[in-house]
Amino acid sequence: MKHIVFLLFICASCLTLQAQIAPKDQAIATTVSSADLWKTLMAVEYKNVPDRYYPQPIFSKDLKALAGKRVTLKGFIIPLDEAKKQMNFMLSMVPFSHCFFCGGAGPESVVEVKASTSFDYTAKPVQVSGVLRLNETDENHLFYILEEASPVL
């Protein structure tokens, strides 16, 4: 029993040390609130491009600085299939009834989520942590993609 307690103490100490020496680019998940991150995502601009069905997003330097960083967003699951467990879905800043497709928000208010851990579908808000990728050119995907995503409990 003493060995287990000692190992737990060592593991907790290591986690504390790792958090203190974590690279700055991973600190973004704890230093930017979800509301502020949504505001940054919403600040995208657009330009019309010939032979393109949708306008192309123009990402600001603030958005480009977030590319490749692990971020955390709070939002609402918009499922892409009927499964109770979701691995690929959209995360919306607003509830489903107000989403980009159904209400007054725009395409910058949703994020494509590619999860490494399944999410249980719920109509309640969830927190998602993942690596942010910006998508300027592929019209088959959203402007923002969270890869390696997992639920934040």
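View 1. Two strands pair if DSSP finds at least two bridges between them. Helices (H or I, at least four residues) and strands (E, at least two) are DSSP runs, numbered from the N terminus. The model is predicted: local features need pLDDT of at least 70 and side-chain atom pairs pLDDT 80 or more, whereas totals for chains, interfaces and linings use all residues. Residues are numbered from 1 along each chain as its sequence is written, and side-chain values use heavy atoms, with hydrogens and water left out. In this view, β5 and β7 run parallel and are joined by 3 bridges. V113 stands opposite L146, a residue of β7.

**View 2. The antiparallel partner of β7.** Strand β6 pairs with β7 in the antiparallel sense, over 6 bridges. Here L132 stands opposite L146 in β7.

View 3. β3 and β4 run antiparallel, with 4 bridges between them, and a hairpin of 5 residues leads from β3 to β4. Within this pairing, P79 has F89 of β4 as its bridge partner. β4 in turn is joined to β5 by 7 bridges, again antiparallel. F89 takes part here too, with V113 of β5 as its bridge partner.

**View 4. The chain as a whole.** The protein has 4 helices and 7 strands, and from the N terminus on they follow the order α-α-α-β-β-α-β-β-β-β-β. Of its 153 residues, 33% are buried, a label that stands for under 20% relative accessible area, with exposed over 50% and partly exposed in between (1.4 Å probe, protein chains only). A contact here is a pair of residues with heavy atoms within 4.5 Å. Among contacts between residues at least 6 apart in sequence, 62% join residues at least 24 apart.

**View 5. The pair of Y46 and F143.** Rings of Phe, Tyr and Trp (its six-membered ring) pair if their centres lie within 6.5 Å; planes under 30 degrees apart count as stacked, over 60 as edge-to-face and the rest as tilted. The structure has 5 aromatic pairs by this rule. One of them is the tilted pair of Y46 and F143, 5.7 Å centre to centre with 55° between the planes. Y46 belongs to strand β1 (residues 45-47) and F143 to the loop between β6 (126-134) and β7 (144-151), so the pair ties together parts 97 residues apart in sequence. Y46 is partly exposed at a relative accessible area of 37%, whereas F143 is buried at 11%.

**View 6. The pair of F59 and Y144.** F59 and Y144 also form a tilted pair, 5.7 Å centre to centre with 50° between the planes. F59 sits in the loop between β2 (56-58) and α4 (61-66) and Y144 in strand β7, so that the pair links parts of the chain 85 residues apart. Both residues are buried. Together with Y46 and F143, they form one aromatic cluster.

**View 7. The largest nonpolar core, with Y144 and L146.** A nonpolar core is a set of buried Ala, Val, Leu, Ile, Met, Phe, Trp, Tyr and Cys residues joined through side-chain atoms within 4.5 Å. The largest has 24 residues, and Y144 and L146 have the most contacts inside it. At least two residues each come from α3 (34-42), α4, β3 (70-79), β4 (85-92), β5 (110-120), β6 and β7. Leaving out residues up to four places away in sequence, Y144 touches residues that include L41, V44, F59, L63, V110, V111, L132 and L134. The list for Y144 also includes E108, E112 and R133. In soluble globular proteins, nonpolar side chains tend to be buried together.

**View 8. V110 in strand β5.** V110 is found in strand β5 and is buried, with a relative accessible area of 0%. M93 is 17 residues away from V110 in sequence, and their C-alpha atoms are 6.2 Å apart. V110 is also among the residues touched by Y144.

**View 9. The polar side chain of Q86.** Q86 lies in strand β4 and is buried, at 0% relative accessible area. Its side chain makes a polar contact of 3.2 Å with that of D81; such a contact is a pair of N or O atoms within 3.5 Å, one able to donate a hydrogen and the other to accept it, and residues adjacent in sequence count only if both atoms are side-chain atoms. A polar atom of the Q86 side chain also lies 2.6 Å from the backbone oxygen of A83. Not counting residues up to four places away in sequence, Q86 touches I77, P79, L80, D81, T117, S118, F119 and Y121.
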